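User: I'd like to go through this model with you, a bit at a time. Could you set out your terms before we get to the residues?

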Amino acid sequence: MEHPVPDISIVTAVYDVARYLPDFFDSLERQQGVDLSRVEIVAVDDGSTDDSLAVLHRYAADFEAHGILPMTVLTQANAGQGAARNHGMEHATGTWLTFTDPDDTLEPGYLAHVLRFVADHPDTEMVATHRVFHDDATGEISDTHMLRRMFEPGDRLVDLDQTPDHFHGSAPAAFVRRDRLQTSGVRFDHRVRPNFEDGHFCTKYLLACDRPLVGFLRSAVYYYRKRSDGTSTLQNATLRPERYTHVPRYGYLDVLTAGARRATRHGSDEGPAGGRVPEWVQSYVLYEISWYFSAEEAHAGSATAATGPVAAELVDLLGRICALLDPDVVAHFRLRRLDPAWRQIIMHGLSGQSWRSPYAVMDRVDRQQNLARVVVRWTGSEPRIEFRSNGFAVEPHHTKVHPLTYFGVDLLHERISWVPADGAVRVRVDGTYVEFRRWWAHPPRTTISAPSTAPAGTAAPAPAVSRPTSGSRSRPSRPSRPEPRLVTARRRLLQLTRRTAFKDAWVLMDRIHDADDSGEHLFAWLRENRPDVNAWFTVEAGTPDHDRLMAGPHRSRVVAHGSLEWEVLMTTGCRHLISSHVDVPVQKPPQIMKLLGTDVVPWRFTFLQHGVIKDDLSRWLNPKTIDLFVTSTAAEHASIAGDRTPYVLGTREVKLTGLPRFDRLRAAALSVRDDERDLLLVAPTWRQWLLPPLRAGSQRRTVRDDFLETEYARSWRALVTSPELARVAAEHGLRIGLLPHPNMTEALPLLGLPPHVELLSFEGGDAQRLFARAAVLVTDYSSMAFNAAYVDRPVVYFQFDADAVKAGGHVGRAGYFDYERDGFGPVTRTADGTVAAVQDIVARGCTPAPEYAERIEETFVLRDGRCCERVTAAIEALTRPSRGPAALPPAQRSASDLPYVGLPDAEQIRAAHPA
């Protein structure tokens, strides 16, 4: 007796997913409206090391006993997901094939919706089902997939050639015809890993069809599991070199060339590889390569294998890929955010040809400083850029060349110039006047739609930023949710009573939850030395630092962060917001932005910095709006403000003043005798990968559940509990103090510190005093090493995970500062090596070795106790018309105004800042 051909074959590749298989099979068994005897399962165990194979056999026997879901179990040595699926296809017999992943699940009507649709639309070549996310840590279901808009109109059949902004690349959420696979020979290519294997398969399959007719089914819901343990292939893709070599070579290039061959067969217009690549294929590849660029923009947790030779190969492959893309398709792509710079790189920067932007962008106007920011972009050699007004040449007050660097290569350049805004300025590029625009071009709309139904992922161009003066602030709007009447009445009363008190206020802060950084120290200096400045300080009520400040001499000037009084201060009086931190909750607090009813803040923002920047933090800082950026060393200043650095900030914003807290540090160090330096200070910084995401509107962090098993916890615990370190400290009368980063606070009870290790904290105390009393500082990558060096304290860098940190896995990428070449002490890799380095320093009398002492002297040329004074002067200059560097006599120029013919040397800086 012949068995009927199954309607559907589910081919699933299984590898170490035993814990997920019961959910997977239960979701199949719960399918409704379909004959489960005609749904075939072909499960291929790909060399699992857990109980997956046993679980498969158990379910196969159970299904057979119940006469449902006939199941074939195959096994093979581990060869990868694609090879396992190819193996399963050889044994599948159904009319339609799908490749459901065994850690995912299906909603009960899933298969019935698919079979009903293909019965109603017999021309269908592929069915695409609606993916939603299932977070297995929280159980939350979220319909947030980037491509969900393709399913919003409901179930429908789409011809991709006629609707090129649609494509489908998920094999687990697709159904394909088995007979089409047999005739076309399309299979999964094992070389396309760790991602796009599905996309390559689906695209090659559709290119083999006479017409790419795809049914997009919103009704058929596929639950894609987001694993909380981070073990899925996609979650770890960026750490694999193949993501940047094999995927573009065997994936994107292959589907583009296959698309060109198909177009030739179908007689389309000629393109760069024969026929014109179908637009839907180009759109899909553009969607995919956009992720390379957005990953490069990530400032934290962005560890990548795309460095060195791997990055060079990727850039070469991207150039070949982009040569197959039509400029018109790139210009109109809007399925996912494509930054204008990425668009220009794809169209011009990877071609090796010279290009100049046909217009200049004037995107910011500073009325108080009477300056406008003008940007011109190009590839290849730098063009000649001239500014003219009323027939005369105009010199920019500030200008710099900023390279847009991706994968280690400068793919686009821009010159950022601040020019006078009080005249009819024109810009000429290579002798030709160009048009001014207010923003870089966004993709033009080519379809008619109501504004409320704009495609997901598109964004209107941002308006030009015009920093309002104190007399041009927009009136704050009401919150979207009505407040209790008592709250509203109290706010109005506060506005009336405090309007004069808060007028033209300077609001200073450090973190929301703590103080004792440069914000607090500048605030104290202002109250003691500049009472004419209306200075206020804010920190959250109930914190140790708030309690300390409320007991101090300036308590009447302390406002609780988040309180009604703080809201009135920020919305009615704040002229300058000044902080050592620049996180969004500090710079643009959501509570205040909601009250203001605008995205443009009415204050100037001064970034005092938490320390000296030595890494490349440009990806994090470039999007911020910073009016004044404080630096402390010539090398740091040049690395940010100089020509051809990765930062968009230049000499207009970046000033060399020194950190305000350095004044307090210097004073504390001078008050401590050498025999009082009795602290062996161990101060590790944090790691981005140790922490779950930051809670919205907060700066508080928690740590991972497996913290104690991490290399970080093991390495630092080995050091602080070292018997040899304890012996060295005891012999020389030193205390061992652990000063953890504030983000690590919640993990401290897990470390099990021995009694002789003192637990120190930044909260509620005087951190500067700790550095003053230090005999030696042991840190890793922290800028706290600059604190110690500033007062000539010896340093040891314990860097057990240097490769991961330098690759960008923390908060930045390697910058100008090399620890071996520029550091203030030895670099070690092991706990034992660190102890040995500490022992050498202690034996030498707790002073830096001569080579490190010389570096300290060259690095810090402004150790004069006047950092607060210089910062204050720079803040006051923010609201005065700019005269430009050329208008200042040499003796009055700051080091920020020195020309960039190499780094300014120590003598130049000292001459500009006489003690």
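Analyst: Burial first: a residue counts as buried under 20% relative accessible area, as exposed over 50%, and as partly exposed in between, with a 1.4 Å probe and protein chains only. This is a predicted model, so local features need pLDDT of at least 70 and side-chain atom pairs count only at pLDDT 80 or more, while totals for chains, interfaces and linings use all residues. Residues are numbered from 1 along each chain as its sequence is written, and side-chain values use heavy atoms, with hydrogens and water left out.

User: Fine. N390, then: buried or exposed?

Analyst: N390 counts as exposed, at 66% relative accessibility. Its phi is near 55°, a positive value in a residue other than glycine, and N390 is found in the loop between strand 16 (385-389) and strand 17 (392-393). Helices (H or I, at least four residues) and strands (E, at least two) are DSSP runs, numbered from the N terminus.

User: And F407, what is its phi?

Analyst: F407 also is not a glycine, and it has a positive phi of about 55°. F407 sits in the loop between strand 18 (398-406) and strand 19 (409-420), but it is buried, with a relative accessible area of 4%.

User: Which residues touch the most other members of the largest nonpolar core?

Analyst: F407 is one of them, together with F99, F201, I289 and I346, in a core of 80 residues. Such a core is a set of buried Ala, Val, Leu, Ile, Met, Phe, Trp, Tyr and Cys residues joined through side-chain atoms within 4.5 Å. Helix 8 (residues 279-297) gives the most to this core, with nine residues. Apart from it lies another core, of 57 residues, which includes F523, L526, A668 and V871. As general background, nonpolar side chains tend to be buried together in soluble globular proteins.

User: What does I346 contact?

Analyst: Leaving aside neighbours within four places in sequence, I346 is in contact with L286, I289, F293, C322, L325, V330 and L338, where contact means heavy atoms within 4.5 Å.

User: Stepping back, how many helices and strands are there?

Analyst: The secondary structure comes to 31 helices and 36 strands, and buried residues make up 56% of the 915 residues. Of the contacts with a separation of 6 or more, 76% are accounted for by residues 24 or more positions apart.

User: Now helix 29, which of its residues are buried?

Analyst: In helix 29 (residues 850-859) the buried residues are Y852, R855, I856 and T859. Seen down the helix axis, they fall within an arc of 100°, so they line one face of helix 29; the arc is that of the directions from the helix axis to the C-beta atoms. On the other side, P850, E854 and E858 are exposed. The buried residues of helix 29 pack against helix 25 (784-790) and helix 27 (819-822).
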